[in-house]
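The following exercises are to be worked with the sequence and the coordinates at hand. Each task is followed by a solution in steps.

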Amino acid sequence: MLDEAFEALKTYDWGMDPKVLAPIDQAVVKTHNDPAARKDLESRLLAVLQSQAPRDAKDYVCRQLRTIGTAASVPALEALLAEAELSHMARYALERIPEPQAGQALQRQLSKLSGNLKIGVISSLGVRDQAASAARSVALLRGLLQDPDDAVARAAALALGDIASEGADKALASARPRPALAAVFADASMSCAEKLLAAGHAREAKGTYQRLLKNNPPELVRLAAQRGLKACQPGAL
Amino acid sequence: MDAKRTPPAAQQTTRRQFIKAVGLASAAVALPTFIPATALGRAGAVAPSERIVVGGIGLGNQGHGDFGGFLGSSDVQYVAVCDVRKNVRDGAKREVDERYKSKDCAAYNDFRQLLARDDIDAVHVATPDHWHTIIATEACRHGKDVFCQKPETLTLREGPLMVECARRYARVFSGGSQRVLEDYRGTVNMCWGGKLGRVLSINVQTSNLSHACNLPPEPVPEGFDWEMWLGPAPWAPYNAKRCAGDFNTRENAWRAYWDYSGGDITDWGAHHFGGATFAVDVREFQPQEIVYNAPEADKPAYLEFVYPNGIRITHCKPGKANMEVDSNENETRPPKPVPGYKGKGGIIGDFLYCVRTREKPFRDIGFAVNTMSLCHLGTIAYRLERSLKWDAAKLTFPGDMEANRFIDRARRQPWQL
């Protein structure tokens, strides 16, 4: 059954009954405690990913690698990040693979991409939020805060707000956003301040809110920062 | 009424300043919230300049029902509609214009244009589920209050982001399950009234999970922005059944498909689990354990959600009916007052009332997210066919790297939360 499903996967395309792939779906679940079987499954999926299989087949492979992919899958997925049709599904897997190699692949590709594909990688770096690689991601994202493409700079700010580390907060503090981006930069800074406050770093959070208030922000940001500042007072939480 | 024909600036500023300045009384952002009950025209007819200015995003099927509720309210000045289907948004615009005898309602394909308008106080959102969090958080960032249809979230990670964004900007944010209060009032009254003694568990029944969609390509109809409909979801070719908005959660409608919905367990689960958490009074919490009971010869698998206080919510437990409560009647419990909607007009009236008073609505987004956590946690347990531990505060399945992969899914560029 599994062999037949992998045979069908080689030519899987929109319009085919997804039930033909059910044995692969089931194998992904059943091999939870069987590393050897998982490794074999991953290898077979990667073979399809690196073949001339249709886009839909590769899309399916990425969905499965999201669940069982390891560092072994990273090179093949990384190679797809620059492909317009498959970049998202490569991230669909890479974003959820816990091994640091997945984050490093996203970091490597960042400088090589532009436009929407770059924005996608930026957002994935923000979501992964791994302590081991967050510092490197923060450094890379910091460099994009002044990107001439507003959409890239916006994405970088939001990703730093997702990471929400002290380093991310400092990166945002050092940026000089263009007027059109001021609100989203402030939003990301407040996300950092909230995480810092929740982690017991009230002094740092307070500094962020005070910085935002100094810059004559829009009313919505001013009120939000004032509320945040109030929450930083001893006993407020 | 469009952006160029808003009410006189002084009147508008008064209302909007109030709405934007007064926060919800959440712990993290507590501000003094004295509300003069007569300050905002709650009594009697509402002057146009004091109406809540509303726009709608996603206006087919359930969205059209919400649209009618808002448009029909004398408290509302409806000014803008947004839908990626031209025929739907044009139809909605016609209805608005007919109501006000004008041609002023703006119609947008892209929700960002609607949210960029400074004159809009509140939005209702009823797109497919994969769009909810992006639109709702962006609305909060633009200072809008939000009424978002259930299921409010598609993934576990989206929930806390919605709550954080709403609290950050002190937005009134209501989820959209009217059934939580209206369908299960009897069970709620029995539990809260103390008649059942100490409540031990309650059962919820829903049917299928969502599944993959691999329908063949069809030509995209004229006036349908397919790329925008897909938005953050994986790219797929247009097929009318893929994006059909009827309420079928099994097949041939978006509610049946994994990329856009969790299926019946999230679609009806948002109602039933919402009612169950309300009845047994755990709306403020999420479970710490999900026990997966494997199927037996003649019995399907079922789940038990275990709360820190020991209460259990079961899902599809064999032999149990929907909303069936187990309790120990020998352990008496004093009755406690049952919360309900504020204002008039059901869940939409409750939301509009809270927009004025800055109180938390009945299905505040915090409660909604906790309800949705049951739907998503249950889905993951069924898919992995095993029990799970859950740490809601850290948004993690402790020590379970595989389950943690299901907490979120990458969004298609350029969409980002």
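**Exercise 1: Chain B as a whole**

Of the 417 residues in chain B, 53% count as buried. The structure is a predicted model.

*Task.* State how many helices and strands chain B has, and what share of its contacts with a separation of 6 or more comes from residues 24 or more positions apart.

*Solution.* Begin with the secondary structure: chain B contains 14 helices and 12 strands. Then turn to the contacts with a separation of 6 or more: 70% of them in chain B are between residues 24 or more positions apart.

**Exercise 2: The parallel sheet of chain B**

*Task.* Determine the strand order of the open sheet with parallel pairing in chain B, and explain why one side of strand 3 and of strand 6 is left without a neighbour in the sheet.

*Solution.* Step 1: this open sheet has six strands, in the order 3-2-1-4-5-6. Step 2: strand 3 (106-108) and strand 6 (173-175) of chain B are at the edges; each has a single partner strand, so one side of each lacks a neighbour in the sheet. Step 3: direction ignored, neighbouring strands of this sheet are turned by 20° against each other on average. Step 4: helix 3 (residues 86-100) of chain B packs on the sheet and touches strand 1 (52-57), strand 2 (76-82) and strand 3 of chain B. The direction of helix 3 of chain B makes about 160° with that of strand 2 of chain B. Step 5: strand 5 (residues 145-148) and strand 6 of chain B run parallel and are joined by three bridges. Within strand 6 of chain B, the residue opposite B:Cys148 is B:Gly175.

**Exercise 3: Helix 8 of chain A**

*Task.* Decide whether helix 8 of chain A is largely enclosed or largely open.

*Solution.* Step 1: helix 8 of chain A has 14 residues and spans 20 Å from its first C-alpha to its last, close to the 20 Å expected at 1.5 Å a residue. Step 2: 12 of these 14 residues are buried, so helix 8 of chain A is largely enclosed by the rest of the structure. The buried residues include A:Leu117, A:Ile119 and A:Arg128. Step 3: just after helix 8 of chain A, A:Asp129 takes a positive phi of about 50°.

**Exercise 4: A:Ala168**

*Task.* Is A:Ala168 buried or exposed?

*Solution.* Step 1: locate A:Ala168 in helix 11 (residues 166-174) of chain A. Step 2: a residue is buried if 20 or more other C-beta atoms lie within 10 Å of its own. Step 3: A:Ala168 has 29 other C-beta atoms within 10 Å, and is therefore buried. Step 4: leaving aside residues up to four places away in sequence, A:Ala168 touches A:Val138, A:Leu160, A:Ile163 and A:Cys192.

Notes
Residues numbered from 1 in each chain as written. Chains lettered and ligands numbered in written order. Predicted model: local features only at pLDDT ≥ 70, side-chain atom pairs only at ≥ 80, totals over all residues. Helix = DSSP H or I, 4+ residues; strand = E, 2+ residues; numbered from the N terminus. Contact = placed C-beta atoms within 7 Å. Expected span 1.5 Å × (residues − 1). Pairing = 2+ DSSP bridges. Axes fitted to C-alpha atoms, helices over the stretch in contact; angles between N-to-C directions.
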